[in-house]
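The sequence and the structure come first.

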Amino acid sequence: MKKFLALVLVISVIFLQFNVIGKNTDSPTVRSSNPKQNAINVSTTKALTVTFNETVVKGPSFSKIKLINSTGWTFPAAISISKNVLIVKLKYKLSQLKTYYLIVPAKAVKDLEGNVLGKSYAIKFKTVGKVTPKPTVKPTATPKATPTPTLKPTATPMATPTPNSNVTPTPTPSITPAATVSPTPATPSRMAVGTNFWNKGWGYGWSDYFNSGVNWSTTTDPWKQSFIDDLINAKYSVLRFMDWGETNSSSVKTWNQRVLKTANQYTSKGIAYEC
Amino acid sequence: MWITVPHLTIEDYEANPTNNYWTQLATLIKEKLNPNLNVWVEYSNETWNSGAGFSQGTYVGNRGVSMGFDKQAYTAGFTFHVYAAVRLFKVFQDAFVEQTQRIKTVISGQTGSAWGTQIQCLALNNKLNAGATNNNINPNNLKPEYYAIATYVGGSNGSSATVRADWTASVNALIKNAQDVKNNFVKYNANYLKLVAYEGGQGYSTNGDVFARNPQSYDMYKEWLQAINPYFQLTCHYTHTGKWASGGDWGAKDSTSQSLADAHKYRAILDWNNGR
């Protein structure tokens, strides 16, 4: 019996000692990061990581972690933790040849014992990119203005995109008509072609754009894949939302009159900006 | 994205310049749009047009007259467009203050109306048609980046026996109009403006569907694109899809499900944008 009590005593002492001596009271520290501090030629798409010396979880300032550009604008990113690695996934591609800062403030993470990150940590880096040399252009002389005969203003459009449009007769101008200049090919590169979209109340209606059976209160992607493929294949550089906004003769005056994303876009008057 | 902001929303701005439809819209787009994308901002659509279905034309004319910009609503409307647009641009530039290069500011005019361009260039310089100065038109002397007209071409009948020659003649007339616009940029001290097209493409009002189904429309579209290329930095085709019918075949494609082989206009645009 005495031997048994002695054994219990020894085990208890060892256990107590282990608890006191093994108690972690140190704050987590950054072991490494990707990209490294002041790195250049950093990928514009790859996730950023910060590796700590021990497993960490979200701390009270986790929501204040941010990726900002040199003007302080916060870049959208999804931030998570996996064991001892903080992962910053970019929601969009970063701009090329731009400087960014990943800011991890104090208390953003804590270890499993509750010790918070003691000091804020920031990584500065510059993204990869190709510097396009400016083409050497021979300076051109200022076009010589040549007076022209009296120019009668006209209100007649070349053609109007919608039927039944007409124009008020144009008054006579009281200002000297414009001089002409030599033909001025203004675009050194190829003109871009974008597109408008037809009013979804016309023709084949919404079925050209949206999947059927969309739950408008929950959907995050109602678009028909073949429609998206067409836009991508055509490389439209600009999408103009004139008819989708029901711009002509619009009665919308205030913000609360706009079409909401949760509205039924099959039947709504126009399509929500957020779609 | 290119947005055309409803014309009546200026009244919300005038009632509360710091919290209104424009400020809310700018904030929403800044929050939601991919930051690698730009925002083209235009006040309404075709404000020169007071025809049926275009109440914005009547509105800007009436507002312009009431503000003393001109006695003629047509002319006053061009000035009011500038008055409204520069305020709209300022709201977006303020909202995107650290990334104003993403805001593409567009003053819109009317193809074939050198007069309208003249009035709008004067307005940007705070001048009225009568020669008077009105510093309330463009109080911040904002210089928009772009000026937009339309690039519609074609004749009245898409099945005409002379459709090919009519097309070429129409393209040449469009180029002349574009040059007139650029001349006015120079003449009226707005030569910083770059010319773009808010809409464009074929504009047949009869047998448009015949034109669209004609394989020659591919070549005609390429001719149109090549001809206007030196004058425009961008043209936004009207439209991507749109059911082909006699009274209008606006769509580059009849529908999303149409094959590439049958969509001659779309194929021409696709090839153009892919450098072919």
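The notes below cover the basis of the model, a helix of chain B and the domains of chain B.

## Basis

The model is predicted: local features need pLDDT of at least 70, side-chain atom pairs count only at pLDDT 80 or more, and totals for chains, interfaces and linings use all residues. Residues are numbered from 1 along each chain as its sequence is written, while chains are lettered from A and ligands numbered from 1 in the order in which they are written.

## Helix H8 of chain B

Helix H8 of chain B spans residues 216-228; helices (H or I, at least four residues) and strands (E, at least two) are DSSP runs, numbered from the N terminus. From first to last C-alpha, the 13 residues of H8(B) reach 19 Å, close to the expected 18 Å (1.5 Å times one less than the number of residues).

Ser217(B), Met220(B), Tyr221(B), Trp224(B), Leu225(B) and Ile228(B) are the buried residues of H8(B) (20 or more other C-beta atoms within 10 Å of a residue's own, with C-beta atoms placed from the backbone). They fall within an arc of 135° seen down the axis of H8(B), so they line one face of the helix; the arc is that of the directions from the helix axis to the C-beta atoms.

## Domains of chain B

An automatic or database domain assignment gives chain B domain 1 (1-144) and domain 2 (146-276). Their C-alpha centres lie 25 Å apart. Domain 1 of chain B gives 20 residues to the contact and domain 2 of chain B gives 18 residues (contact: C-beta atoms, placed from the backbone, within 7 Å).

On the domain 1 side, strand S3 (103-108) and helix H5 (114-124) of chain B are the elements that give two or more residues. The largest share of that side, six residues, comes from H5(B).

Notes. A residue is buried if 20 or more other C-beta atoms lie within 10 Å of its own, exposed if 12 or fewer, and partly exposed in between; C-beta atoms are placed from the backbone. Two residues are in contact if their C-beta atoms, placed from the backbone, lie within 7 Å.
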